[in-house]
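Please look at the sequence and the structure, then read the notes below them.

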Amino acid sequence: MKRMVIKHISTFICIVAMTFTFTACQQKKQAPDVSGIEQKDSLEKIISQRDDEINDMMGTLNQVEDGFRAINEAENRVSLAKDGEGGDKQQLIKENIQFIANTMRHNRELIKKLQTQLRESSFKSSEMKKTINNLLKELDDKDQQLQQLRAELDAKDIHISELDETINNLNTDVDNLKDESAQKTETINNQDKQLNTAWFVFGTKKELKEQHILEDGKVLQSNFNKSYFTRIDIRVDKEIKLYSKSARLLTTHPSGSYTLLRDANKMYTLRITNPQIFWSTSKYLVILVK
């Protein structure tokens, strides 16, 4: 099942890359002859960067997959050895346990690399995040399998000290990897929240002056009362009811990114049709109403 997840994600990334390249090519064909040269160069640079990022992540994914495949093969060799006979079986088990430990350590490093690649890439994929979480879970599963293997070996009076050391190291490394991942996720979420946070206020001229939001005909020029503003998430909050028959934006926002609509009672509602463009000039919105 885990192999299928990785293969599905690999296919998904390839399809996205092909789609992106095809779309870009179509755009290049439609570009005007005069101004199209700069657009073409910029577009080709974006495509090249995206291809490099996807190829890097695909390469790391393949290495992780190869690592888990090698671990499975080594586990099979250990299982055969513990059920077999001969004085050299402890040595064979010991060698394979050491191989498993080294390979799992390498896989942890590759997963950390994959997390960094995805975090720094312009290619954002929720499916890739799910794949990384599945890889972390597979590390946990391998840890459980090794603990079960230790119990089986103890039952046969075969005690490998390297196995105890390997399991202890795995527990520490996996916990550290989870903690690091959780901390980075929290940091990214906080940054993402800040980037998508904005503030708005609407009020009469008198109200705005009282809060120093509007002074001498100028808006947000002095130490205005920030607590008077309402905080919103620009990805979610796209409509603001103004409860007034008169409304005018005092802060600057691109005209094509919003509309002012009236309801049945002639009351205005601000509808933000393109949040990214609307909030690109200012994260503060001030509306004058009567």
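Two strands pair if DSSP finds at least two bridges between them. Helices (H or I, at least four residues) and strands (E, at least two) are DSSP runs, numbered from the N terminus. This is a predicted model, in which local features need pLDDT of at least 70 and side-chain atom pairs count only at pLDDT 80 or more, while totals for chains, interfaces and linings use all residues. Residues are numbered from 1 along each chain as its sequence is written, and side-chain values use heavy atoms, with hydrogens and water left out.

**Sheet**

- Strand E1 (residues 197–203) pairs with E4 in the antiparallel sense, over 4 bridges.
- Ala198 stands opposite Ile232 in E4.
- An open sheet of 4 strands has the order E4-E1-E9-E6, with mixed pairing.
- Its edge strands, E4 (230–233) and E6 (247–249), each pair on one side only.

**Nonpolar cores**

- A nonpolar core is a set of buried Ala, Val, Leu, Ile, Met, Phe, Trp, Tyr and Cys residues joined through side-chain atoms within 4.5 Å; buried means under 20% relative accessible area (1.4 Å probe, protein chains only).
- The largest nonpolar core has 23 residues, of which Ile111, Leu114, Met128 and Leu135 touch the most other members.
- H2, helix H3 (89–120) and helix H4 (126–155) are the elements that give two or more residues to this core.
- Another core, of 17 residues, lies apart from it and includes Ala198, Phe200, Ile234 and Leu270.

**Thr60**

- Thr60 lies in helix H2 (residues 36–83).
- Thr60 is buried, with a relative accessible area of 1%.
- Not counting residues up to four places away in sequence, Thr60 touches Leu110, Lys113, Leu114 and Gln117 (contact means heavy atoms within 4.5 Å).

Note on methods. Buried means under 20% relative accessible area, exposed over 50%, partly exposed in between (1.4 Å probe, protein chains only).
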